[in-house]
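Biologist: I would like to go through this model with you. Please give the cut-offs as you go.

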Amino acid sequence: MYFRSMMNKSDIEGVKTLISTPKRISIIPHRNPDGDAMGSTLGLYHVLKQMQHEVQVIAPNAFPDFLAWMPAADQVLVFEENKKKATEKLQQSDIVFTLDFNVLSRTGDAMTSVLESLDTTFVMIDHHQMPADYAKFTFSDTTYGSTCELLYILLQELDLDALINKDAANCIYTGIVTDSGSFRFPKTTSQTHQVVASLIEKGVNNPEIHNALFNNSSYNRLQLLGRALQNMVILPEFRTSYLYLTEDELNQFHHKKGDTEGFVNYGLSIDGIDFTAFFTENKEEGIIKISFRSLGDVDVNEFARTHFEGGGHINAAGGKSTLSLPETLERFKSIIASTKS
Ligand SMILES: [Mn+2]
């Protein structure tokens, strides 16, 4: 099977040499890790574990319950829950892999200052735009739909395919499924399906994974989704929709971490809509958290960067606002009216 690779040969050789002798290795996903972040970090963990390295995945904060079934998820150290141990582990690391993000600040303030103080070798594996330059070895390619697919190709380049065992394959598959919206987003290529085919050959339980990822709603979560959908507003003249949830509504349905995952996509499922946003109120942090999604060449990364202190990909991005929820919605509508007519 042929896989495209645009990876820098000297970086490949550099990483091969780096991991050719036993090392102490930390692997880090971004804050509020999603399926791709946990899938790629744990996938790499299972591979490196077979090579005499001492390996630790350190998540900045807790991952959502729907990912707890992942092999070795119970071995993940959560920085915010155990700062002392996590800081020690980081300070002892010979290598720090950062996956599915490309600026250290995506790990949160406290973890960022620890990472910035380290005298260690960073390796970045990521598919977001505008990578920072903290890593000695940077594997960054925005044409990939997921970090997990990029990781799979990198492992081929490193001649480590034989170490992608069933546990690693299940993790890598999870990230590809979640970041591709179950193979429907535009960056899903023939290569994506070829990678998935080879993962299934390695023993991936694909129906079980889909079941674990998508058939796990609580009653409260569905009620919360119902409320978010009732709150949906359509701006047909701007091909735009948006949804929101107030903190009171989140509390009313006993909101848990990860409950609103995927809600934003409903805004795009309406005929004639190519831009949507989902606003959630967080009074404790004093911010409105915003997710943006779009279709085709409508660029939400640019929109989030310009107007809402965020960023991401062309069709999926995040941002925030420190105004109140009603003020944020008014501001959003006026920006839409002036930029999207
Ligand atoms: Mn990703």
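Biologist: What covers the buried residues of α1?

Modeller: The cover includes β4, β5 (121-126), β6 (137-140) and α5 (147-157). Contact means heavy atoms within 4.5 Å. Helices (H or I, at least four residues) and strands (E, at least two) are DSSP runs, numbered from the N terminus. This is a predicted model: local features need pLDDT of at least 70, side-chain atom pairs count only at pLDDT 80 or more, and totals for chains, interfaces and linings use all residues. Residues are numbered from 1 along each chain as its sequence is written, and side-chain values use heavy atoms, with hydrogens and water left out.

Biologist: Which residues of helix α1 are buried?

Modeller: In α1 (residues 9-18) they are D11, I12, G14, V15 and L18. Buried means under 20% relative accessible area, exposed over 50%, partly exposed in between (1.4 Å probe, protein chains only). Seen down the axis, the buried residues of α1 fall within an arc of 160°, so they line one face of the helix. That arc is taken from the directions from the helix axis to the C-beta atoms. K9, S10 and T17 are exposed on the face turned away.

Biologist: What makes D36, D100, H127 and D179 donors of the manganese ion?

Modeller: Donors are N, O and S atoms within 2.8 Å of the metal (3.2 Å for Na, K and Ca); water is not among the atoms, so sites may look incomplete. D36 (OD), D100 (OD), H127 (NE2) and D179 (OD) lie 2.1 to 2.3 Å from the manganese ion. D100 lies in the loop between β4 (95-99) and α4 (109-117) and D179 in helix α6 (residues 166-179), so the pair ties together parts 79 residues apart in sequence. Both D100 and D179 are buried.

Biologist: Why is the pair of Y242 and F332 called edge-to-face?

Modeller: Rings of Phe, Tyr and Trp (its six-membered ring) pair if their centres lie within 6.5 Å; planes under 30 degrees apart count as stacked, over 60 as edge-to-face and the rest as tilted. The centres of Y242 and F332 are 5.7 Å apart and the planes stand at 80°, so the pair is edge-to-face. Y242 is in strand β8 and F332 in helix α12, 90 residues apart.

Biologist: What makes the pair of F263 and F278 tilted?

Modeller: F263 and F278 are 6.0 Å apart centre to centre, with 50° between the planes.

Biologist: Why is F263 called buried?

Modeller: F263 has a relative accessible area of 1%, so it is buried. F278 is also buried, at 4%.
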